[in-house]
Amino acid sequence: MQQAMMACSHCLCPAGENSSPTGQRSFLHFNAISIRDLIKSKEPHISLSLRGMDRGNAVDELKLSGLQVEGECNSKTPPEDECPVLCDSVHASVHETENSPMMRAVLCSQVSKLYRFKTEDQRWLLVREQMWETPLSFSLPKQLLSLLIREHTNRLQGVRELADVPSCWEALRCGIVNHCELLIGCYQETLSQLNRLSATSSFKSSSSKSDKHLQFVPTNLHCQRMEVSDTQSSGVWYDVITFGAPADHHQAFKHGGLGRVLSKHTNSTDSTPPVFMCSSSSFSPGESSRARKMLASIAQLQPLIFGLSEELLATSLDLNASRLEGALENLTQQTEVFVHALKDELIKKALMEIHMHCSSDGRVQTDGQPCNHQDGSTTLQDRGRTDMAYNEEEWDRAWANVAMSLNCIIVMSDRLLGREERPQQVTSSEQQEVKEDTNPQTSPSSPSAPSWQEQLLPLVVTLRDCVREAVGNAVPAMTYVILQEAAKATVSQGTVEIVHRRHAVFSQALSGIVCGVMLKLHSSLENQDFLQQLHSVGFLAQFEGLLSTYGDEMGMLEDMEVGVADLSDIMFTVTEVVTEEPEELLPKLSGAWGSLVVVVPLPPENFRLLPSELKEGCLIPLHPVLFNIGINQQQSLAERFGNSSLQERMNRRSCERLRVYCSKLVPQLPTPAGVPPLSDLLDSLEQSIQSRRKKNVEVLWTAAMVCRAVNGVRLTSCKSAKDRTAMSVTLEQCILLRERHTLGRQHFSTALDCMRRSRLSWGQIFGCYTHSGLTTCGAEPGDRGKWLPQCMALKAPRRHLYPVAFLLVSSHLLVLWLILSLVILLAKYQ
């Protein structure tokens, strides 16, 4: 269908007129008009007659306004040959966006506005601005909570299953257990609430940002999309993700944000580390998993070896060569598996750390699993290894003794079966070497032994002693690894409140970036340079912050800094799905905290456009950067009396990361028309940051230009993603129209006012229009750096003076404040 039909109205009949006999009103009146006819119309208003469902006489009339930009009502309509092209372009893009299975799954609750602007060469630009909500606001937090619950449950189970932990480590284990139980209970309650709320909503409003059960949900998350069409292009999309700065408003910012709290906790941990929690330990979750598997293997193999050795002695009484040979083969097989498990370097590493960091009061006593310590069993304490450095050769001898004891049994069995291959002297020397490190109560049997059992018994006892000694070293070493990794993942990260806050902030940032990545991937599937860039370098995510470095917003910025930094640990991968069900096309999370993988499903028609590397499931890294410039009145206070070093440090680091990312792009991406080369943009960004000008919004604009030049994902945030965010997005959209689509300079102010009035009608900006001074936003293009502060001074100046606590810093300021306050009071009551 070449002409898109637009339903104009469905009216409710008043009672008594075309109503049902029961008096209930129903949808009975309708009409339709094509978008092409609406654009081609020369009349400012179009009247439509509303008719009933029976096609009877007209019962009412509806007037539609034509597509006119405010202030251009007297301008000429576009040429006749331009209207069909623009109409077809809009219809094609609408069909592509709204009917794509992927977009239907990711976006919902659309609000759209259509504008028409003139270019410098008197052509017409058709601009469609969209704002979408997304089900990812609840879907991803719920998945993250489920992963965290499962991760802490596994850690809790692993720590609880440690048998007979030494008393000196019991306090650490109890701390880990309590920590995990509190987080699991809290996350389960939050998840149940989100499951209930997500059934009726996909959006968290700014008024709910402090809600306890919505800590993991991003505030006011929207997808802002702008499509630009003209007679020379079919349509270009510009996307920005807007959401409230990822921060934990429920816990508030009395003690600062995550950056400050984590710094304090790290300093306190370094000065007074927990018991047996060594800051130099570097056991990873993978090593902890190996330790659990090793403990399970030891718990299974030790009694199995003891049972097989008893079976060997029992069969030796029968003097049956075939049965003895079978029992020996079983014992040999299981003992070799045991020795192979003990040769893991992780045990040696753990033993060295234990003897390096444990004091004499914290000596480790081992029990060698459930077996009793008898027949000469030894422990680390008995051997007196607590006050000296652990010798690596001691552990090598421990597992080697098991292998040599088994070899002695094999040699003796071969001799008894008449298959001796080595001189008796060699066997005796090997057995004597084993005896030096084990219980000396046994001795080699005499060649004139009356039975096979008497000759095998001392060798079997030696084997069991060597197994006990090896287990007595390996079990505490693996227990140490599990406890250290669990403590590192829980206790070392801080209290439950700190960990909860970090997870909540990360969840909000994760929802925003995954939404942006989905949109970017969908709109760039035909761009082979971009797809190769994903494989070779990865995604770039540029977070734009508009927070001040004063008061609570300083804490929000500290939260946001940590949350964005944590995003560098996640990876993306693409998979193919054959269904078009929205639930199946939503991204899925896998992995664990610190190594999350976001699985992006694509329908077959989209998946086949990918290069082979992406089809095979290669992991795509994410490179997040955060640039922040405070632009409100609180930032003026921070720059005059406070401290903006956090913002400066953050911008410098992000500039360095951005330069490193751009240096990896080979070949360099083509620069769009009207945009300076990438190297010049990076130099300009660095100079803007080093200039340290107050409210230097050139930093934000230049960073955004770099991001778009390298196909990055743009995200903009302020406190609640309303006032400052809306002003920033509309300004960016108008500048893109001017610089990339030759929007007429004389129409810049009109376009900016028009878009901002649309924001007001969307309900995003509450009460800011009166004080925003929107008519001053149409400055000359050369004053681009001044536009943003003027447009974003949205709130009326506060009538009170600076807080008293702030003025106490200086006695002169306090005296001045008292004098001014007295003058104001006298003037007020006269």
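User: Why is Arg123 called buried?

Analyst: Arg123 has a relative accessible area of 14%. Buried means under 20%, exposed over 50%, and partly exposed in between (1.4 Å probe, protein chains only). Arg123 therefore counts as buried. This is a predicted model, where local features need pLDDT of at least 70 and side-chain atom pairs count only at pLDDT 80 or more, while totals for chains, interfaces and linings use all residues. Residues are numbered from 1 along each chain as its sequence is written, and side-chain values use heavy atoms, with hydrogens and water left out.

User: What makes Asp230 and Arg123 a salt bridge?

Analyst: Their closest N and O atoms are 3.1 Å apart. A salt bridge needs a side-chain nitrogen of Lys or Arg within 4 Å of a carboxyl oxygen of Asp or Glu. The pair therefore qualifies. Asp230 lies in strand 9 (residues 222-230) and Arg123 in the loop between strand 7 (108-118) and strand 8 (124-133), so the bridge ties together parts 107 residues apart in sequence. Strands here are DSSP runs of E with at least two residues, helices are runs of H or I with at least four, and both are numbered from the N terminus.

User: Is Asp230 buried or exposed, and how do you know?

Analyst: Buried: its relative accessibility is 7%.

User: What makes Glu561 and Arg649 a salt bridge?

Analyst: Their side chains meet at 2.9 Å, N to O. Glu561 sits in helix 15 (residues 552-566) and Arg649 in helix 19 (residues 645-663), so parts 88 residues apart in sequence are tied together.

User: What makes Glu732 and Arg708 a salt bridge, and what do they link?

Analyst: The N to O distance is 2.9 Å. They link distant parts of the chain: Glu732 in helix 22 (residues 723-740) and Arg708 in helix 21 (residues 698-709), 24 residues apart. Salt bridges that share partners also join Glu544, Arg708, Arg714 and Glu732 into one network. Glu732 is buried at 5% relative accessible area. Arg708 is buried at 15%.

User: How many salt bridges does the structure hold?

Analyst: It holds 21.

User: Why is Glu583 called exposed, and where does it lie?

Analyst: Its relative accessibility is 59%, so Glu583 counts as exposed. Glu583 lies in the loop between strand 12 (571-576) and strand 13 (588-590).
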